[in-house]
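Let's take a walk through this structure together. Have the sequence and the 3D view side by side as you read.

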Amino acid sequence: MKNNTLQQFFGALSSKNIFCFLSENMVSILNFLKINIRIPLDYQNRLGKITIRPLYFFTMVLLCSTGITLLAQNRSASQTSRLRGTIAFTDASAHTNKVSQSYNVYTQQNIISQAFILDAIGSESGFKAVKPQTANIDQIRNGSKSSPVTPGNWVNGNANATQAHYAEGWSIPYRIVMNNLVSGSHDLIIEWDIKHSGKNALDYITHYDNIDNPTGSHIATFGHSQEVIDPTAGITGLAGPNTFEIPAPSSLDSPVPDIPTSSFNALAATKKLMTIYNGTITAISYVSEGDLNDAQSSTRLKITFTTTNSTVVMAWAGHIAAEYDWGIGNGATGVSGSPYHTRLISLDGDGGNQDRSLAAAAVVSPPRCSVSGPLTACPEVANLVFNSTILNPNGSPVTYSWAFTSNTAGATFSGATTSSSVTVVPSSTDFTPGGSFEITSTVTRNGVASVCSQTVSINLSTTASAGTAPSAQCPEVGGNDFSLSGSFTNGTALWTVKTGSATGTAVGSVKSDGTTATPVVHVDGVGSVTFILTVTSNQTPSCVASTSEVTVTVNVTPTITGVLSVCVGATTQLTGSGIGATSNPWVSANPGVATVDSDGTVTGVSVGTSVITYTDSNGCQETATVAVNANPELKLKITQPSLCGSATGSIEVCSPIIGATYSLVGVPNSGIEAKEGEPVIFSGLAAGSSPTVAVETEAGCSATAACNDEDDTTNCSAPAQQAAKTTDVVAPIEAKTEAAGFTTYPVPFKDQLTVRYNFDYVSDVKIEVFDSQGISVLSKADANGFLNKEVTLDLKLNRGRDQVYVVKVTTNRGSSIKKVISTR
């Protein structure tokens, strides 16, 4: 083609509205296109397809209305010197924009080795230019077993034994780096070979970090700690990570029941996660799962995710099939070559089928072991036995070594630690309650080691405390209640009465819920009872129960002994049982009637009754009612006035007190007991003897009178007449019965007569008074009669001197009568 022919071609372009100039950011419409040739072009006669190749940064496609295609693609950095000028666009506007760039020009067959300048004048269209999205799959090279590399290197290529070291049961880490993504949802499909050459290869996928499974196996197998796996290495601007649970693989028609499903499920939850940076996984599902019985088969997985970033990283790992799952010779090491293949199938349907593989020589099959033995134990157990079992035996000899990797239980070994079993004992009497230890078995076969372990927890010991004994109590009607204040831990509580612990008449029982720490217990009677708190272990295994005891006491009620009556001005001694209280052991309720001192001596003050209270050293009390009786009045009738002179004579007691004893002072055996209807007369008395008469009542009160007293000559009623008259009058009245005994005072009475009950029971009482003709002059009811109670009767009657009356007291057990004499 001649130069002018080429010029004519470009000139023709200048008359067209050429558009679709694609920049890195915007699509522009070209209103004008001009080519300035610096050096005449005189190459081929046909133009063909013109290709403009910018040297770096972006891919650019121009689809022009003339049908001419201008392509731009990346070139190497060494070619950037051929680029002249800089592409420059202004912001989108209605203004005219100009692009000026110098390019090398190519034809379809030959290169035109001359430069030209292209001028494009126009405005931006407003349409966004879109870069094509890309995806790239990497795997980890962690160095050889003798020269490990940490963090591991992410590479596009494969890995051999000089570049990587892995073991069956671990997982090979993978990541896919995706660029130029638009905001929204995307689908990523990956694939891995589960069978290769009839052997199991990568049987499922796991979290990207699974190169120390079980924990400690990396250092046991290769003599160094695991390498760091960092999916973000070499990439900036990543947020996250976020994770999503990987679905369990199927075991349909598996030659080994429930494998690989159970192997996957046995992983820790953190080892079953897919990880994403700069995005969120919304779904993971199997597109297809390979046949576990085929010689060659693979599984595909679709991951759906969303992002608002242009760069996203997805990370996971392929689990290397292990002999302990699939059987001897059926693990991944049974395959030769590079059997561990994982592929990128597609991103949103495009750009896939990238394959990464790992050489079988980079993978070893260490002996896998399992420790069996108790997971929990009681502190008091004497010993614990553990066994290490090889899960993938192949006939080669195995050596064992046991150790503690942690120990807060006070555990130590007893005997050898180099066989398949070992015995653990406490270093002191018991294991430490609440402690634990991890026991580790290292097994070595053909120079390759593996580690298995088991953690043992020591149960907490039960504790029981019955608490402080409650204060002793005094007896109460219906028995006594005590609130206990126990406590317990690590078990179930039960309160019971200790067999044979009761003293006195005490009988104990648990009144409220006996499974709580603080029940209420009950004691009938007096004495002591011991209660036991038993705490039974609620852990597995059940450990030794704990017990604690507490004793409660009901003190004996004290007693009062002594004479419970006293005359005015006299004393009576009361005695309390046990030891009296240090302060105010004796108290009188009515000191105006009777007083009591600290040793129990009661002094009569006035006629009446007072309740005396005794308190012992335990604070328990008893009461007694003391009656204070009046001293009797004694008047005499001298029948022979010469009695006090020289002649013999007699003395009659006026109005004798029934039951009282009258006697002559100084005259032995002269006592006469006054009886109803019978006068008390002392006769045959020597003239001039001036006798003195003494009287003592049933209550112990006394008085004396001498014959020379002025009142001694007071006339008494004639005894014979009194007796005859009284006998006639009282004949219809019931005879006396002791069941309703009583006394009266004063005798003789004037206007009031007091009746005091002598019966020792409680009863309704009827009191009746009859005159000498047997006619009732007073009747009174008392609904609450009891021992020593006093009832005062008003008897203001028309009566003469020394009138005789009869008093009758009736209770529900009988009746009694007494005669009384009135005076003016």
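The paragraphs below go from the nonpolar cores to a sheet and then to one serine.

This is a predicted model, in which local features need pLDDT of at least 70 and side-chain atom pairs count only at pLDDT 80 or more, while totals for chains, interfaces and linings use all residues. Residues are numbered from 1 along each chain as its sequence is written, and side-chain values use heavy atoms, leaving out hydrogens and water.

A nonpolar core here is a set of buried Ala, Val, Leu, Ile, Met, Phe, Trp, Tyr and Cys residues joined through side-chain atoms within 4.5 Å; buried means under 20% relative accessible area, with a 1.4 Å probe and protein chains only. The largest such core has 59 residues, and Tyr166, Met178, Leu188, Met274 and Met314 have the most contacts inside it. Strand E19 (residues 312-320) contributes the most, with six residues; strands are DSSP runs of at least two residues, helices of at least four (H or I), numbered from the N terminus. A second, separate core of 19 residues includes Ile390 and Tyr400.

Next, find the open sheet of four strands, ordered E24-E30-E29-E26 with mixed pairing. Strands pair if DSSP finds at least two bridges between them. E24 (376-377) and E26 (399-407) are at the edges with a single partner strand each, so one side of each lacks a neighbour in the sheet. E24 and E30 (residues 448-458) run parallel, joined by two bridges; Thr376 has Ser457 as its bridge partner in E30.

Finally, look at Ser251, in the loop between strand E15 (242-245) and helix H3 (261-265). Ser251 counts as buried because its relative accessibility is 17%.

Terms used. Buried means under 20% relative accessible area, exposed over 50%, partly exposed in between (1.4 Å probe, protein chains only).
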